[in-house]
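Please walk me through this model in my viewer, one selection at a time. I would like to know what to pick next and what I will find there.

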Amino acid sequence: MTNAILLDKKDNVATCTTAATAGDAIKILGGGEIICREDIPIWHKVALKKIAKGDKIFKYGEIIGEASSDILAGGWVSHENIFSVPRDYASEMI
Amino acid sequence: MNFWGYKRADGRAGIRNHVLILPTCACGSETARIVASQVRGAVNIIFNTGCSDVQANTDMSQKILTGFACNPNVFGVVIIGLGCETVPHAKLRDKIKSMTSKPVVSFGIQEEGGTLKTIEKAVRAARDLAAEAGLQQKELCDISELLLGIECGGSDATSGIASNPAVGELSDKLVDLGASTLMSESIEWIGGEHVLAKRAATPELHNKIIRICADYEAHLKAAGQDCRAGQPTPGNKFGGLSTIDEKSLGCIRKGGTRPIVEVLEQATRPTRRGAIVMDTAGYDISSITSMVAAGCNAIIFTTGRGTPTGNAIVPVLKVTANAQTYSWMEDNIDVDLSGIIAGELTIADAGDLLLKKIHDVCNGRLTKAEAYGFSDIAVDHVCRFV
């Protein structure tokens with residue numbers, strides 16, 4: 001059994017604490033289970049649901065980037081398929 | 001809580017009692033190294049700036065040199081200059097003397113007639129300072145005299161999930177005991193700056209945190225550069241961190257949850273006690289250099305992928321929550337926090353463990369990098385040498 005950690009209920013990715021092989025059932029610490037669709041290295045992220053190109057990626061309950069291509073539920077989320085969105089600093093001022 | 005430290009005339013407390021051999025510029029660095037190698041109790045740094053610089057770079061170099069000399073872990077200073085650098089040894093010596101009452105002497109290589117003559121005089125001076133330093137007794141100091149630098153480097157996904165929250169817990173405990181903690185690496189606030197800014201004690205400090213990130217990006221853009229090209233690093237990506245935002249949201253957790261009472265410019269001494277942040281590069285060695293110049297007397301450093309780094313003046317205690325990294329690089333890592341990932345160690349217990357480890361370091365226990373005599377340094381730069 002492979003494990004992954006879900007950090008926030010809002011998140012659509014979890015962090016694998018062991019390497020996962022396609023077909024593995026990944027047990028999510030924080031809730032649920034998902035079938036791994038491709039090999040995922042240790043400490044990398046698994047998509048918990050289908051993520052479409054342009055969708056936001058959530059970890060720690062915050063946005064960590066945007067998908068540059070469609071990602072399957074159980075797919076590998078990495079720097080190859082997500083990217084950082086420029087900040088809007090002016091809107092953050094109080 | 002108390003620790004056994006060296007009380008300085010300015011009221012601060014050192015946890016080490018080094019004689020610092022301080023070059024004014026790159027040209028004095030090798031001579032300084034040889035002088036330090038001849039005297040037990042002396043440490044040196046290699047300095048890569050100090051000449052042929054625009055004013056802003058000179059200002060940064062001077063903040064680092066004077067900050068190092070004034071650091072409470074330093075008993076006294078032997079300056080080694082060349083003679084034609086931007087700020088020559090006598091001028092640097094006078095500047096340091098105006099900032100601290102500790103003993104400071106200086107020599108110039110051109111003035112003395114070469115390296116060997118300089119080494120002879122500087123070794124005698126360093127020997128005398130080291131002899132005197134040996135007489136200074138440790139005294140009980142209140143933990144409020146601790147200014148702990150909080151750093152991360154070679155991060156992977158375990159850093160944000162486990163070791164950084166554990167250090168955040170340590171930071172909260174120290175602040176509650178009256179001590180101060182200093183988190184830097186403002187490039188690694190980007191993407192999480194809105195979360196970090198919520199900890200600011202005032203609206204002014206909130207906006208200062210946001211502005212630092214905006215200004216950093218604008219500064220790089222003016223030179224045609226983008227921080228997202230260098231952050232995350234290749235090692236971070238290999239370790240599961242995909243964007244700067246993901247890295248930052250993990251990084252900022254090492255600062256804990258207490259209100260941020262001061263937001264500092266790089267390499268500046270704090271004026272407040274409590275949780276403090278400082279604007280520095282995300283390059284860990286450069287960030288530590290600025291924290292030492294700001295007066296940190298100890299540094300805790302989280303890593304995922306493993307790093308050997310150490311500083312000549314301030315002990316660097318390295319911790320990881322990556323079990324494989326700890327077992328593979330145990331020679332470089334002081335504390336194993338992998339029990340957090342394994343579900344065997346709570347973040348609260350890890351905070352208690354780190355408090356004990358840092359307390360030991362304050363009382364004189366050597367960190368691994370310190371025992372090896374490591375002396376890494378990187379002075380931040382505004383633009384090219386001239």
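Start at Gly295 of chain B: this residue comes after helix α12(B) and has a positive phi, near 105 degrees. Keep in mind as you look that the model is predicted.

Now step back and select the helix itself, residues 284-293 of chain B. Is α12(B) enclosed or left open by the rest of the structure? It is largely enclosed, because 9 of its 10 residues are buried. Colour the buried ones to see this: Asp284(B), Ser286(B), Ser287(B), Ile288(B), Thr289(B), Ser290(B), Met291(B), Val292(B) and Ala293(B). To find what they pack against, show α2 (55-70) of chain B, together with the strands β8 (147-152), β9 (180-183), β11 (275-278), β12 (298-303) and β13 (316-320) of chain B.

Next, colour chain B by domain. Domain 1 covers 18-133 and domain 2 covers 142-371. Their C-alpha centres are 29 Å apart. Where the two domains of chain B touch, domain 1 brings 15 residues and domain 2 brings 10 residues. On the domain 1 side, look at β3 (18-23), β4 (42-44) and α2 of chain B, each of which supplies at least two residues. Of the elements there, α2(B) gives the most, with 6 residues. By class, this side of domain 1 of chain B holds 9 nonpolar, 5 polar and 1 charged residues.

From here, move on to the largest nonpolar core, a set of 136 residues. Domain 1 and domain 2 of chain B each contribute at least three residues to the core.

Zoom in on one of those, Val35(B). Which residues does Val35(B) contact, leaving aside its neighbours within four places in sequence? They are Ile21(B), Ala42(B), Asn44(B), Val78(B), Ile80(B), Ile119(B), Ala122(B), Val123(B) and Ala126(B).

Now bring both chains into view. Their contact takes 27 residues from chain B and 24 residues from chain A. On the chain B side, select α6 (157-176), α7 (193-197), α8 (203-222) and α11, the elements that give two or more residues. Among these, α8(B) gives the most, with 6 residues. This side of chain B has 12 nonpolar, 10 polar and 5 charged residues.

Stay with α11(B), residues 244-251, and show chain A around it. This helix lies across β6 and β7 of chain A, at about 165 degrees to β7(A). Those two strands belong to an open, antiparallel sheet of 3 strands in the order β6-β7-β9 of chain A. Strands β6 (56-59) and β9 (82-83) of chain A are at its edges, each with a single partner, so one side of each has no neighbour in the sheet. Follow β7 (62-67) of chain A to its antiparallel pairing with β9(A), which has 2 bridges. There, Ala67(A) has Ile82(A) as its bridge partner.

For the last stop, select Cys36(A), in the loop between β4 (33-35) and β5 (45-47) of chain A. Is Cys36(A) buried or exposed? It is buried, because 22 other C-beta atoms lie within 10 Å, and the cut-off for buried is 20 or more.

Terms used: Residues are numbered from 1 along each chain as its sequence is written. Chains are lettered from A and ligands numbered from 1 in the order in which they are written. This is a predicted model: local features need pLDDT of at least 70, side-chain atom pairs count only at pLDDT 80 or more; totals for chains, interfaces and linings use all residues. Two strands pair if DSSP finds at least two bridges between them. Helices (H or I, at least four residues) and strands (E, at least two) are DSSP runs, numbered from the N terminus. Two residues are in contact if their C-beta atoms, placed from the backbone, lie within 7 Å. Axes are lines fitted to C-alpha atoms, for helices over the stretch in contact, and angles run from 0 to 180 degrees between N-to-C directions. A residue is buried if 20 or more other C-beta atoms lie within 10 Å of its own, exposed if 12 or fewer, and partly exposed in between; C-beta atoms are placed from the backbone. Ala, Val, Leu, Ile, Met, Phe, Trp, Tyr, Cys and Pro count as nonpolar, Asp, Glu, Lys and Arg as charged, and the others, Gly among them, as polar. A nonpolar core is a set of buried Ala, Val, Leu, Ile, Met, Phe, Trp, Tyr and Cys residues joined through C-beta atoms within 7 Å. Domain bounds come from an automatic or database domain assignment.
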